[in-house]
Amino acid sequence: MNSGNMQDFFKGKTVLVTGATGFLAKVFVEKILRIQPEIQKLYLLLRASNSDMAAHRLQNEVFEIDLFRVLRAELSEDFNSFISKKVVAIAGDVAIENLGIKDEKLKNEILEEIDVLVHSAASTKFDDRFDILMGVNTKGALHALNFAKNCQKLKAFVHISTAYVCGNAKYEDGIVREKAFEMGQSLKKTSNLDIHTEMKLLDNKIAELQAMNADENTMKFALKDYGMERANLHGQTHMYSQKQWERCF
C-alpha cells in the first residue's frame, strides 16, 4: 500500500493503538494525524490508574515532545483543540483481559467503533522480570487478538513486534526471511516450546519464591534469571523467546 492509498484508507476511520507512549506508536500517531487529519478518532491506550492519569501521560510523553513540532507548527493555536477532538486517552493494561479497560461503557464504545487495532504495547527490556514479559509480550498479544475478535466492524489487526525477534538464528546468506512457525517450534531444534508448560513453570517458580518468603528485590532478580534460563533452553534471546511465544496462541 503506497502512502496515497494509506491516506485514503484512514480517512474517516477510528483506530485503537496500544502502547501509545512507545517509540513506534508515537511515530505512527504523529504520521496519521499529520497526513490524514480527517481520521475519525484515535483511541490511545496506555498504562495508567485512571483516564485523567492516562491523559496526563499522553500529553507529557507524546504530544509535547519534539516529534510533533511539524504538526504543531502547521496547526499553530489550533493544535490542542485538534488533538482534543481526534484523540481519546484510555487507561488500561494489555496484560489483563479486555486490555484492562475498566469502564464497561467505554469498552463497548470502542468495540463498536474501531476499524483498525494497532497492537504496539510491549516490554523491550532484555532483562525484565519473566512474569512481566510473559504478561505484556505474550499474554498481551493474546488479549489484543481476543479484543479484536469482539470488534463489530474491524478491518485490520496490526501487530508490531520488536527489532530482536530473529534471536540467535544463523543465516548463511545473511537474510532473515519471514516464514510461519509451527506450533511448538523453537530455534533450538532439540527443544519444543509449549506456552502452557512455560506458564505453569512460571507459576510454580513464583509459588516457590513466595513459599521462601522472598522479598521483592529477591523476587525481581530470581525471575529475571529464570527468564534467561528458559530462553537459553530454547536457543533464543530472552526478548525473542517472549515474542516468539505470542505465536503459540
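The legends below accompany close-up views of a predicted model.

**View 1. Helix α8 and its length.** Helix α8 covers residues 195-211. At 1.5 Å a residue, its 17 residues should span 24 Å, and because the end C-alpha atoms are 24 Å apart, the model agrees with that expectation.

**View 2. The buried and exposed faces of α8.** The buried residues of this helix are I195, E198, M199, L202, K205, I206 and L209. These residues cover an arc of only 120 degrees around the axis, which means that they lie on the same side of α8. On the face turned away from that buried side, α8 carries the exposed residues H196, K200 and A211.

**View 3. The two ends of α8.** At the start of the helix, a side-chain oxygen of D194 comes to within 2.9 Å of the backbone nitrogen of H196. After the helix comes N213, whose phi is positive, near 60 degrees.

**View 4. The largest nonpolar core.** This core has 26 residues, of which L33, L44, L58 and F63 touch the most other members. At least two residues of this core are supplied by each of β1 (14-18), α2 (23-35), β2 (41-47), α3 (51-63), α5 (79-86), β3 (87-92) and β4 (116-119). Another core, of 17 residues, lies apart from it and includes I101, L117, V136 and A144.

**View 5. The surroundings of F63.** When residues up to four places away in sequence are not counted, F63 touches V29, L33, L44, L58, F68, R72, F79, I83 and V87. Among these partners, L33, L44 and L58 are, like F63 itself, residues that touch the most other members of the largest nonpolar core.

Methods: Residues are numbered from 1 along each chain as its sequence is written. This is a predicted model: local features need pLDDT of at least 70, side-chain atom pairs count only at pLDDT 80 or more; totals for chains, interfaces and linings use all residues. Side-chain values use heavy atoms; hydrogens and water are left out. Helices (H or I, at least four residues) and strands (E, at least two) are DSSP runs, numbered from the N terminus. The expected span of a helix is 1.5 Å times one less than its number of residues. Buried means under 20% relative accessible area, exposed over 50%, partly exposed in between (1.4 Å probe, protein chains only). The arc is that of the directions from the helix axis to the C-beta atoms. A polar contact is a pair of N or O atoms within 3.5 Å; within protein, one must be able to donate a hydrogen and the other to accept it, and residues adjacent in sequence count only if both atoms are side-chain atoms. A nonpolar core is a set of buried Ala, Val, Leu, Ile, Met, Phe, Trp, Tyr and Cys residues joined through side-chain atoms within 4.5 Å. Contact means heavy atoms within 4.5 Å.
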